Amino acid sequence: MKRWSIWVAAASLATATSGCSLMSKLDTVSGIEVTQERLKGFQRGKTTRQDVIATLGHPPQKSEVLGNEVWTYPFTRITAMPGTPNTSENTVFEFDKKGLLLKAYKTGGTPGKSGNPMLP
């Protein structure tokens, strides 16, 4: 009887842990995720536009604000696991006229023109 209980507990644990990893594979992801650790690697006044492109690729959104170039990398994750929060954020880089980093920060995400983060 004890062996049966141990076997059932082990099987349940294996099923539960594999289910979590399976659910993360079912998450819907769009954009480029920039972790806080990676963001800290960009240094104000030293990092160039080319450094950011080499690390993250070309930005999906560019704009100009008060003569400075602003790049935005949106990221959205819709989780498959109930109760796990979704993520919608933008990582923003501001460059001066010389192409040096002024600021790098995160903001709330934009869900797209349709209002649905799953659609463009």
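**Strands, a helix and an aromatic cluster**

Student: Which residue in β4 is the bridge partner of valine 70?
Tutor: Start with the strands, which are DSSP runs (E, at least two residues) numbered from the N terminus, as are helices (H or I, at least four). β3 and β4 pair in the antiparallel sense over 9 bridges, where pairing takes at least two DSSP bridges between the strands. Within β4, valine 70 has as its bridge partner glutamate 94.

Student: What kind of model is this?
Tutor: Residues are numbered from 1 along each chain as its sequence is written, and side-chain values use heavy atoms, with hydrogens and water left out. Local features need pLDDT of at least 70, side-chain atom pairs count only at pLDDT 80 or more, and totals for chains, interfaces and linings use all residues, since the model is predicted.

Student: What stands opposite lysine 62 in β3?
Tutor: Look at β2 (residues 61-65), which is joined to β3 by 5 bridges and runs antiparallel to that strand. The two make a hairpin with 2 residues between them, and leucine 66 in the turn has a positive phi of about 50°. In β3, the residue opposite lysine 62 is tryptophan 71.

Student: And which residue in β3 is the bridge partner of valine 29?
Tutor: Here the strands to look at are β1 and β3, which pair in the antiparallel sense over 4 bridges. In β3, valine 29 has as its bridge partner arginine 77.

Student: Which residues of helix α3 are buried?
Tutor: Buried means under 20% relative accessible area, exposed over 50%, and partly exposed in between (1.4 Å probe, protein chains only). In α3 (residues 49-56), the buried ones are Val52, Ile53 and Leu56. Seen down the helix axis they fall within an arc of 100°, so they line one face of α3; the arc is taken from the directions from the axis to the C-beta atoms. On the other side, Gln50 and Ala54 are exposed, so to repeat the buried set: Val52, Ile53 and Leu56.

Student: What do those buried residues pack against?
Tutor: Packing is judged by contact, meaning heavy atoms within 4.5 Å. By that rule, the buried residues of α3 pack against α2 (36-40), β3 (68-78) and β4 (87-95).

Student: What is the angle between the planes of phenylalanine 42 and phenylalanine 93?
Tutor: Rings of Phe, Tyr and Trp (its six-membered ring) pair if their centres lie within 6.5 Å; planes under 30 degrees apart count as stacked, over 60 as edge-to-face and the rest as tilted. That rule gives 3 aromatic pairs. Phenylalanine 42 and phenylalanine 93 form an edge-to-face pair, 5.1 Å centre to centre, with a plane angle of 85°.

Student: Which residues form the aromatic cluster?
Tutor: The centres of the tyrosine 73 and phenylalanine 93 rings are 5.7 Å apart and their planes lie at 85°, so this pair is edge-to-face. Tyrosine 73 is in β3 and phenylalanine 93 in β4, so the pair ties together parts that are 20 residues apart in sequence. The one aromatic cluster is formed by Phe42, Tyr73 and Phe93.
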